[in-house]
Amino acid sequence: MKKNIAVYPGSFDPITYGHLDIIERGLDVFDAIIIAVARNSEKKSLFSTNERIDLIEKALGDNPRVTVDTFDGLLVDYVVSRGSRVILRGLRAVSDFEYEFQIAQMNHNLRSEVETLFMMTSVPYGYLSSSIVKEVAGLQGPVESLVPPVVRKALVEKFGKNDE
Ligand code: ADP
């Protein structure tokens, strides 16, 4: 039988419990998920692409149903090249909606066979984003409840630790 594969694209700079929640729940719906780290993101990233991949792989542990990859160029072309037709995205507060709607519509215009499916955030992660994590970590605040231990360690290495 044909496998139902979803592509979960994003910056993952760095991966948070919010992303991991979407992946875990996505695996209840899809046979496999490809986490696609955007290389050509216009956003300036804190972690390099390789660092971001490494953190995702370590955070996930061994799971044969999940692969981590990078992509550049058009996402819809990448999705089709990987034998998928589903883009999986997470939705948080209302503020995500407008942006996601615009991109989903554009992607649909580019390749109508590719569908974007949204999964609502779980309540505890409704306001969790990589940006907020970086901001808190940069101010030496606690991030234990926001990211897995391996990411927390990497953030401490980037920002240094305030031992006062
Ligand atoms: P991008 O730069 O593409 O928005 P992100 O890494 O910020 O990349 O997010 C990737 C995807 O994960 C997006 O669909 C985003 O909405 C979703 N996401 C991020 N954080 C959460 C969260 N806390 N709950 C649910 N979805 C999330």
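This is a predicted model: local features need pLDDT of at least 70, side-chain atom pairs count only at pLDDT 80 or more; totals for chains, interfaces and linings use all residues.
Residues are numbered from 1 along each chain as its sequence is written, and side-chain values use heavy atoms, with hydrogens and water left out. Local features need pLDDT of at least 70 and side-chain atom pairs count only at pLDDT 80 or more, while totals for chains, interfaces and linings use all residues.

**Exercise 1. Determine the strand order of the open sheet and identify its edge strands.**

Begin with the elements themselves, which are DSSP runs numbered from the N terminus: helices (H or I) have at least four residues and strands (E) at least two. Two strands pair if DSSP finds at least two bridges between them. The five strands then follow the order E3-E2-E1-E4-E5, with parallel pairing. The edges are E3 (66-71) and E5 (115-120), each of which pairs on one side only. Within the sheet, E1 and E2 are joined in the parallel sense by six bridges, and Gly-10 stands opposite Val-37 in E2. E1 and E4, which also run parallel, are joined by two bridges, and the partner of Ala-6 in E4 is Val-86.

**Exercise 2. Decide how the residues of E2 are oriented and whether they are buried or exposed.**

Take buried as under 20% relative accessible area, exposed as over 50% and partly exposed as in between (1.4 Å probe, protein chains only). Ala-32, Ile-34, Ala-36 and Ala-38 point one way, whereas Ile-33, Ile-35 and Val-37 point the other way, and all are buried. Seven of the seven residues of E2 are thus counted as buried, and the strand is mostly covered.

**Exercise 3. Describe the packing of H2 against H6.**

Two packed helices are described by the angle between their axes and the distance between the axes. For H2 (residues 49-60) and H6 (residues 149-159), the angle is about 150 degrees and the axes are 9 Å apart. H2 is therefore roughly antiparallel to H6, a term for angles over 145 degrees. Contact (heavy atoms within 4.5 Å) involves Glu-51, Leu-55, Lys-58 and Ala-59 of H2 and Val-150, Val-151, Ala-154 and Lys-158 of H6.

**Exercise 4. Find which residues touch the most other members of the largest nonpolar core.**

A nonpolar core is a set of buried Ala, Val, Leu, Ile, Met, Phe, Trp, Tyr and Cys residues joined through side-chain atoms within 4.5 Å. Of the 29 residues in the largest one, Ile-23, Leu-88 and Leu-155 touch the most other members. The elements giving two or more residues include H1 (17-29), H5 (130-138) and H6, and H1 gives the most, with four.

Definitions and conventions:
Axes are lines fitted to C-alpha atoms, for helices over the stretch in contact, and angles run from 0 to 180 degrees between N-to-C directions. Angles under 35 degrees count as roughly parallel, over 145 as roughly antiparallel, 65 to 115 as roughly perpendicular and the rest as oblique.
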